[in-house]
Amino acid sequence: MSASATDDPANKRKAKGKSQFFTPPELAKFTAKIANDLRSKGSVVLDPCVGGGALYKHLKEPKIAADIDISYFEEKGKAPLNVNFLKTDRKTLEDYYGQTIENLIICMNPPFGTAVPKKERKTGDRQASGVVQFLNQCC
């Protein structure tokens, strides 16, 4: 999103036609602080639903940004990993990062409404939440 688009109050919380919601700045800072405080040696923080980067810009390095639609991301530096978080695993993250990740901290404001269609669920997985499926894959 361009700077002028993010300044428009109508776009601050939801991008028109995209069903993409943006995290309020106060919540983004608070959430990122929790992730930063949890860090230990070898930790990498992942924001798998980075959107415009509201959380990501408050995270300390090393960090990884990822999203199914990276068109809203404006942070300078390494481009976000352009992936569907439901189809991503730890190996994909490590390949992108360039080394083994000892401790992965996931910091996100996820699309809680994302559902996994029954035909795409793994055998024995009754969980319909895309967020829960992603978190299980990253562990």
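**Notebook: a predicted chain, entry by entry**

I began with a side-chain pair: D69 and S71 are joined by a polar contact of 2.6 Å between their side chains. A polar contact is a pair of N or O atoms within 3.5 Å; within protein, one must be able to donate a hydrogen and the other to accept it, and residues adjacent in sequence count only if both atoms are side-chain atoms. I found D69 in the loop between β4 and β5. D69 counts as buried, at 19% relative accessibility. Buried means under 20% relative accessible area, exposed over 50%, and partly exposed in between (1.4 Å probe, protein chains only).

**Ground rules.** I am reading a predicted model, where local features need pLDDT of at least 70, side-chain atom pairs count only at pLDDT 80 or more, and totals for chains, interfaces and linings use all residues. Residues are numbered from 1 along each chain as its sequence is written, and side-chain values use heavy atoms, with hydrogens and water left out.

**Confidence.** I looked up pLDDT, the predictor's confidence in each residue, from 0 to 100. Its mean over the chain is 76, and 63% of the residues reach 70 or more. Over residues 1-17 pLDDT stays under 50. Where pLDDT is low, the predicted coordinates should not be read in detail.

**Elements.** I listed five helices and six strands. Both are DSSP runs numbered from the N terminus: helices are H or I with at least four residues, strands are E with at least two. From the N terminus on, the order is α-α-β-β-α-β-β-β-α-β-α.

**The sheet.** Which strands form the open sheet, and in what order? Four strands do, in the order β5-β4-β3-β6, with parallel pairing. β5 (81-82) and β6 (103-106) stand at the edges with a single partner strand each, so one side of each has no neighbour in the sheet. Helix α4 (residues 90-97) packs on this sheet and touches β3, β4, β5 and β6. The direction of α4 makes about 120° with that of β4. Axes here are lines fitted to C-alpha atoms, for helices over the stretch in contact, and angles run from 0 to 180 degrees between N-to-C directions.

β3 (residues 43-47) and β4 (residues 63-67) pair in the parallel sense over three bridges; two strands pair if DSSP finds at least two bridges between them. L46 has I64 as its bridge partner in β4.

**A cis bond.** I noted P62 in the loop between β3 and β4. The peptide bond from E61 to P62 is cis, with omega near -5°. Most peptide bonds are trans.

**Two more residues.** Is T23 buried or exposed? T23 is buried, with a relative accessible area of 14%. T23 lies in the loop between β2 (20-21) and α3. Leaving aside neighbours within four places in sequence, I found T23 in contact (heavy atoms within 4.5 Å) with A28, A54 and N109.

L38 sits in helix α3. L38 counts as exposed, at 57% relative accessibility.

**Whole chain.** Of the 139 residues, 41% are buried. Among contacts between residues at least 6 apart in sequence, 47% join residues at least 24 apart.
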